[in-house]
Amino acid sequence: HDYRVWALGRLLDAVVRGAEVVPENVVAITFDDAYESVFTEARPRLAERGWPYTVFVNTDAIDAGHAPYMSWDQIRSLHEAGVAIENHSAAHGHMSRPARSESLRAWRSRVAEDIARARSRIEAETGRAPTLFAYPYGEDSEALAEIVAPGHAYALAQRSGAVGTLSDPLSIPRFPMATGFASLERLELAVRSRPLPVTEIETTGVEYGLEGDIRAIDLALDGQGFRIGQLNCFAASGRRLDAEVDGDNPFHISVNVEDVGKPGRNKINCTAPAADDSGDFFWHSVQWLVSRPAG
């Protein structure tokens, strides 16, 4: 199908920073968690095709020798073969905001130490300091991004969507291709997606309730090439949500999520078909977290 696989850093520099022109049909491949199957199964297949890829490593598991993770010898072998070895934190904990019993200062210290420890271990083992970060569980926040930013050019989340010029360098979307989302049909839908030009996101909160409870998500869109009249937004379960569209480029979309949120990770996907009848979809995903009663 004439797709090209680029190294992740090159693709992000090209799209987000305009470092070079990106041809049609370019993708990047990433792996989180440094599982041994990346070395035993993915490595030979990707090497045979000459495709670059990135592995985000959570270093504490490697240091402890836990299964089913790679060893440092295997990770060094990947690095020497040109694979990008990047930062996925040390402990792979929930990092996006303080725990209920944790002060803001203590949280910042804990998270900064964890990120720095992983970065230091990767540099010590491979000879190269990572410049990219993947949020554990795909859970990001503006406050966490401020801590990640000093040592990393880009940070990647794990919510669906194509990368575009409007993408936040510290909140890059990715299509997960894991259990439940790993069919060839899903792959085709993902690689053919285009970035929905969202310029602003606002949320309307619930006055009383758990932290993170919201009742509406408002998106501002400024662009063209998609059929705004056929825009749809869906909950993670696949249920279609009520979405009101107002304005005419820029558009304002309000999505009712009052009965969608639950403790833990929540997400909506908003898509609109391309106006050129290609069958492609413009796509944007929004994730938010709701605290559990126990914090």
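Trainee: Where does Ile-29 lie?

Mentor: Ile-29 sits in the loop between strand 2 and strand 3. Strands here are DSSP runs of E, at least two residues long, and helices are DSSP runs of H or I, at least four, numbered from the N terminus. Keep in mind that this is a predicted model, where local features need pLDDT of at least 70, side-chain atom pairs count only at pLDDT 80 or more, and totals for chains, interfaces and linings use all residues. Residues are numbered from 1 along each chain as its sequence is written, and side-chain values use heavy atoms, with hydrogens and water left out.

Trainee: What is Ile-29 in contact with, leaving aside its neighbours within four places in sequence?

Mentor: Contact means heavy atoms within 4.5 Å. With those neighbours set aside, Ile-29 touches Val-5, Leu-46, Trp-51, Pro-52, Tyr-53 and Thr-54.

Trainee: What makes Cys-233 and Cys-270 a disulfide?

Mentor: The rule asks for a pair of cysteine sulfur atoms within 2.5 Å. The sulfur atoms of Cys-233 and Cys-270 are 2.1 Å apart, so the pair passes. By this rule the count comes to one disulfide. Cys-233 belongs to strand 11 (residues 232–235) and Cys-270 to strand 15 (residues 264–273), so the bond ties together parts 37 residues apart in sequence.

Trainee: Why is that disulfide called right-handed?

Mentor: The torsion about its S-S bond is about 110°, so the disulfide of Cys-233 and Cys-270 is right-handed.

Trainee: Why is Cys-270 called buried?

Mentor: Buried means under 20% relative accessible area, exposed means over 50%, and partly exposed is in between, using a 1.4 Å probe and protein chains only. Cys-270 comes in at 1%, so it counts as buried.

Trainee: What makes strand 8 and strand 12 edge strands?

Mentor: Start with the sheet: it is open, with five strands in the order 8-16-15-11-12 and mixed pairing. Strand 8 (194–195) and strand 12 (240–241) each pair on one side only, and that puts them at the edges.

Trainee: How do you know that strand 11 and strand 12 pair?

Mentor: Two strands pair if DSSP finds at least two bridges between them. Strand 11 and strand 12 have two bridges, in the antiparallel sense, so they qualify. Phe-234, for example, has Arg-240 of strand 12 as its bridge partner. Elsewhere in the sheet, strand 8 runs parallel to strand 16, joined by two bridges, while strand 15 and strand 16 are antiparallel over ten bridges.

Trainee: Why is strand 16 called largely enclosed?

Mentor: Eight of its ten residues are buried, so the rest of the structure largely encloses strand 16. Val-290 lies in this strand (residues 281–290), and at 4% relative accessibility it counts as buried.

Trainee: Why are helix 2 and helix 4 called oblique?

Mentor: Axes are lines fitted to C-alpha atoms, for helices over the stretch in contact, and angles run from 0 to 180 degrees between N-to-C directions. Under 35 degrees is roughly parallel, over 145 roughly antiparallel, 65 to 115 roughly perpendicular, and the rest oblique. The axes of helix 2 (residues 36–49) and helix 4 (residues 72–80) come within 9 Å and cross at roughly 45°. Helix 2 and helix 4 are therefore oblique to each other.

Trainee: Which residues make that contact?

Mentor: Glu-36, Phe-39 and Arg-43 of helix 2 meet Gln-74, Ser-77 and Leu-78 of helix 4.
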